[in-house]
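Please look over the sequence and the model below before reading the report that follows.

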Amino acid sequence: MKQFLLILLVLVTIPLVSESSKKKKKVKTKPTPIENKLIDYSEFKRIVNRSEGERETHRLTEGQFLKLMSEEGVVLLDARSENRFRLLHIKGAKNLPFTEFTKESLADLIPEKKSKILIYCNNNFEGNQEAFAAKSPAASLNLSTYNSLKAYGYESIFELGPLLDVNTTVLPLVTEKPDKVETP
């Protein structure tokens, strides 16, 4: 009887031990990448990591931004939607929505890769939610714009740093009148 119980105990224990060792041996495997030569996440991460330190030194106060705006050859870029740009933007800004960034569209607007480029976004202004709808801080358009310009080879990008009130900022904000609609 003892032998029978011992054999029964061994038969019940072996599968449990075996199952436990299978769980320990389970190794997570990386999924096979889906190839697409027009998407390079590794390069994106490299640009973000390389830009991190430089970006912080290229963030400007309101006064520094205003002063740099007046320099010859500086491009003031607003990457918000055309609709939000028309509602309210910094005077002298050129609008190229972020979704429209291509090598060609950027070259048309900023032909020289060494040009000083000033950027700002929704998250730089409060007091007019319609024109400057705040994004999640990690999704701030400045972050995407900065890194995208770097990816296209632009070297001298400066970003408006603070959050400013549209009613008290010294930066000149203007509204673009919609095109006249002709009535018959």
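What volume does the largest pocket have?

## Basis of the model

This is a predicted model, in which local features need pLDDT of at least 70 and side-chain atom pairs count only at pLDDT 80 or more, while totals for chains, interfaces and linings use all residues. Residues are numbered from 1 along each chain as its sequence is written, and side-chain values use heavy atoms, with hydrogens and water left out.

## The largest pocket

The volume of the largest pocket is about 460 Å³. Its lining is made up of 18 residues, and Phe44, Ile47, Asn147, Ser148 and Ala151 are those nearest the centre. Helix 2 (41–57) and helix 6 (141–151) each contribute at least two lining residues, with helix 2 giving the largest share, 8 residues. By class, the lining holds 9 nonpolar, 4 polar and 5 charged residues.

## The buried face of helix 3

In helix 3 (residues 62–69), the buried residues are Glu62, Phe65 and Leu68, where buried means under 20% relative accessible area with a 1.4 Å probe and protein chains only. Viewed down the helix axis, these residues fall within an arc of 135°, taken from the directions from the axis to the C-beta atoms, so they line one face of helix 3. They pack against several strands, including strand 2 (75–78), strand 5 (116–120) and strand 7 (156–160).

## Ser140

Ser140 is found in the loop between strand 6 (125–126) and helix 6, and it counts as buried because its relative accessibility is 9%. Leaving aside residues up to four places away in sequence, Ser140 touches Cys121, Asn123 and Lys135, a contact being heavy atoms within 4.5 Å.

Methods. Buried means under 20% relative accessible area, exposed over 50%, partly exposed in between (1.4 Å probe, protein chains only). Helices (H or I, at least four residues) and strands (E, at least two) are DSSP runs, numbered from the N terminus. On a 1 Å grid over the protein atoms alone, a cavity is a set of points where a 1.4 Å probe fits but cannot get out, and a pocket is an open set with protein on both sides within 12 Å along at least five of seven lines; lining residues have an atom within 4 Å of a point. Grid points are joined across faces, edges and corners, and a volume is the space filled by probe spheres set on the points. Ala, Val, Leu, Ile, Met, Phe, Trp, Tyr, Cys and Pro count as nonpolar, Asp, Glu, Lys and Arg as charged, and the others, Gly among them, as polar.
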